Amino acid sequence: MAKIILSLIFINIFMPGPSYPDGKIKIINHLTHQRTEVEFVKVDGEKMVPVKELAEIAGATVYWNSLTKRVILKRENGIIALKAKEAEVNLGQRIVKVNPVPQLIKNKLFVPINFVVNELGLALGLNFSFIESLDRLTIGSKDQADQPIELRPAPFIPPPPEISKEEQPSLNNRLKIVIDPGHGGKDSGAIGPSGLMEKEVVLDLAKRLKKMLEEKDPTLSIILTRDGDYFVPLDKRTSFANHHKADIFISLHVNGAFSRKANGFEVFHLSAEASDDTARATAALENGVIDLEKNGGERKDRIDYTQFILADMAQLEFIEESIELCGLIEKGVTKKINIVDRGIKSAFFYVLKDALMPSVLVEAAFITNPFEEAKLRDAGFREEVASGIAEAILEYKASYERTVGYTR
Amino acid sequence: MSRSKKKWLFLLVLILVAGLIGALFYLKERKGGESLIRSLLIPAEEKVAISLYFSTEDAAYLAEEKRDLPKEEEVGDQIKLVVKELIKGPASSNLFPTLPGETVLREVYIEEGTCFLDFGQELRDNHPGGSSGEELTIFSLVNTLTQNFSQIERVQILIEGKEVETLVGHIDLSSPLREKKSLLAPPPTSTP
């Protein structure tokens, strides 16, 4: 009996227990002359570090989606998306396996320090080096790679990274939804046979949806890309959502066609198929068809090509989640109103392609169809469409809150 | 032949030629006159079968309509002819146009498998809008050209000689597009 108790104690000592953290890693940032530290945890003997904190210290722009628990890191031309339990990480030029897999611990995403040193730095144009025995991580720029970093005097002092207090966890827990009423100002959008304008309908829809969501769930933060009749360029709408670090982006539109008989409701997500050039270019890079070393950045088109790959990468990470949201919106709206269900579709939307969050584009009905134009004029109809979308968003939120839990 | 007779004959030939030229000019201005002139001047065997893609009634798909068009020596001229047929719209009453009748194709360029179609502002100004309407316009052009011209892999639409973000606010036109097969009308039994 004593033997059993003893062995139990023994196991307890050597098993990775729920202790958190397991220790701290000192960080010396040669770019900002900052000294700080981050916590680490040990998983399978590997030290794991909170990647969001680390990337912020290194000066990368960080997007944390509190709903899907995905982290997007951006610096120079590099974009990397990481998610708990997803071992495969797309680094633009290639895909690597992260071992141990990224893990969500205390609502922070942890990745192995080896991954940070060997892969992350390179992809973000940084040089990380780690001295295991001292638990010390140094950060330098990529061109310092071959230099003995600690002996090198700093050649320049770039401004320190902006880490605003507002982006700390307390506000992060508040789910942010950006609603984008399409068109506006000089751009009327589609116009119905009796003169109803898309820009007016979608602005009203957006306002209704905002009000409804705020009433149903006061913890939500809802922001509109425009709240009046003025023109907003497409790229500004997306960068607005990215800037606000929105968790969901919903673009509201009404449809149009040459055929006046065309009718119905449909929801779009960004298509992966339209970026088949991206896949081809990635394959070409992997196969060494475009040799980055040999070309040495002399050819302009090579640079453009790589940027194209990187620019397209981030949004592709969210397609799965966007499709899921599309499904809920389709169900939510067609349940509320009597309308032809055209289903879920995909296309290469300008306003969605750079969105760093799950994003959808709703086409509520055909304003070019006389019957549907009449419906779109009706406040009751708009209210029902908005409530269908609102319910879908709340269900989407609830489903993530159920499934994305803590791993430890 | 007397001198006066010769004079009369010369005058007659002159009138005939002037009349013929006048008739040609008249026909050219008339709708469809150009193709009539072509069919008059070009032998019947110099035709090429082209598949044009127009909108279905529900504006959910593109459907094929075959048309015999005069064969052109230059690919660029052939493309212009095909796009003009798309602008004319479908002959079938089941199908719907994808381009406004006012559309003007300014120029066509081909560069390493990419065809650039330069349209005037009319295409944008007369477009009904909507994601579906816009997508059908774009891919009726893209699918038609990639289907009929083996040397064309991708199509980029320009407006007034310039690259544009979108046509009417939805689909990204900032880079060349490939054929979108999922827009082709499925046979009645198939699943979406």
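User: In chain A, how many bridges join strand β13 to β15(A), and in which sense do they run?

Analyst: In this predicted model, strand β13 (residues 176–181) of chain A is joined to β15(A) by five bridges, and the two run parallel. Within β15(A), Ile248(A) is the residue opposite Ile177(A).

User: What sheet of chain A holds these strands, and in what order do the strands come?

Analyst: An open sheet of six strands, with the order β14-β13-β15-β18-β16-β17 (chain A) and mixed pairing. β14 (221–224) and β17 of chain A each have a single partner strand, so one side of each of these edge strands is left without a neighbour in the sheet. From one strand to the next, the twist averages 20 degrees.

User: Which strands of that sheet does helix α10 of chain A touch?

Analyst: Helix α10 (residues 319–336) of chain A packs on the sheet and touches β15, β16 (265–270), β17 and β18 of chain A. The direction of α10 makes about 170 degrees with that of β16(A).

User: Stepping back, how many helices and strands does chain A have?

Analyst: Chain A has 12 helices and 18 strands. Of its 408 residues, 43% are buried. Taking the contacts in chain A between residues at least 6 apart in sequence, 70% join residues at least 24 apart.

User: Moving to chain B, what is the strand order in its open sheet of four strands?

Analyst: The order is β3-β4-β5-β6 (chain B), and the pairing is mixed. β3 (105–111) and β6 of chain B are the edge strands, each pairing on one side only.

User: And which helices pack on it?

Analyst: α3(B) packs on the sheet, where it touches β3 and β4 of chain B, and its direction makes about 135 degrees with that of β3(B). α5(B) also packs on the sheet, touching β4 and β5 of chain B, with its direction at about 135 degrees to that of β5(B).

User: How do the strands β4 and β5 of chain B run, and with how many bridges?

Analyst: They run parallel, with six bridges between strand β4 (residues 114–119) and strand β5 (residues 154–159) of chain B. Thr114(B) stands opposite Arg154(B), and Cys115(B) has Val155(B) as its bridge partner.

User: What about β5(B) and β6(B)?

Analyst: β5(B) pairs with strand β6 (residues 162–163) of chain B in the antiparallel sense, over two bridges. Leu158(B) stands opposite Glu163(B) in that pairing. The hairpin of these strands has two residues between them, and Glu160(B) takes a positive phi near 50 degrees there.

User: Back to the helices: at what angle do α3 and α5 of chain B cross?

Analyst: The axes of helix α3 (residues 75–88) and helix α5 (residues 131–148) of chain B cross at roughly 140 degrees and come within 11 Å. Because of that angle, α3(B) counts as oblique to α5(B). The crossing is right-handed.

User: Which residues meet there?

Analyst: From α3(B), Ile79(B), Val82(B), Val83(B) and Leu86(B) meet Ser140(B), Leu141(B), Thr144(B), Leu145(B) and Asn148(B) of α5(B). The residues of this contact comprise six nonpolar, three polar and no charged.

Note on methods. Residues are numbered from 1 along each chain as its sequence is written. Chains are lettered from A and ligands numbered from 1 in the order in which they are written. This is a predicted model: local features need pLDDT of at least 70, side-chain atom pairs count only at pLDDT 80 or more; totals for chains, interfaces and linings use all residues. Two strands pair if DSSP finds at least two bridges between them. A residue is buried if 20 or more other C-beta atoms lie within 10 Å of its own, exposed if 12 or fewer, and partly exposed in between; C-beta atoms are placed from the backbone. Two residues are in contact if their C-beta atoms, placed from the backbone, lie within 7 Å. Axes are lines fitted to C-alpha atoms, for helices over the stretch in contact, and angles run from 0 to 180 degrees between N-to-C directions. Angles under 35 degrees count as roughly parallel, over 145 as roughly antiparallel, 65 to 115 as roughly perpendicular and the rest as oblique. A crossing is left-handed if the near helix is turned anticlockwise from the far one by less than a right angle, and right-handed if clockwise. Ala, Val, Leu, Ile, Met, Phe, Trp, Tyr, Cys and Pro count as nonpolar, Asp, Glu, Lys and Arg as charged, and the others, Gly among them, as polar.
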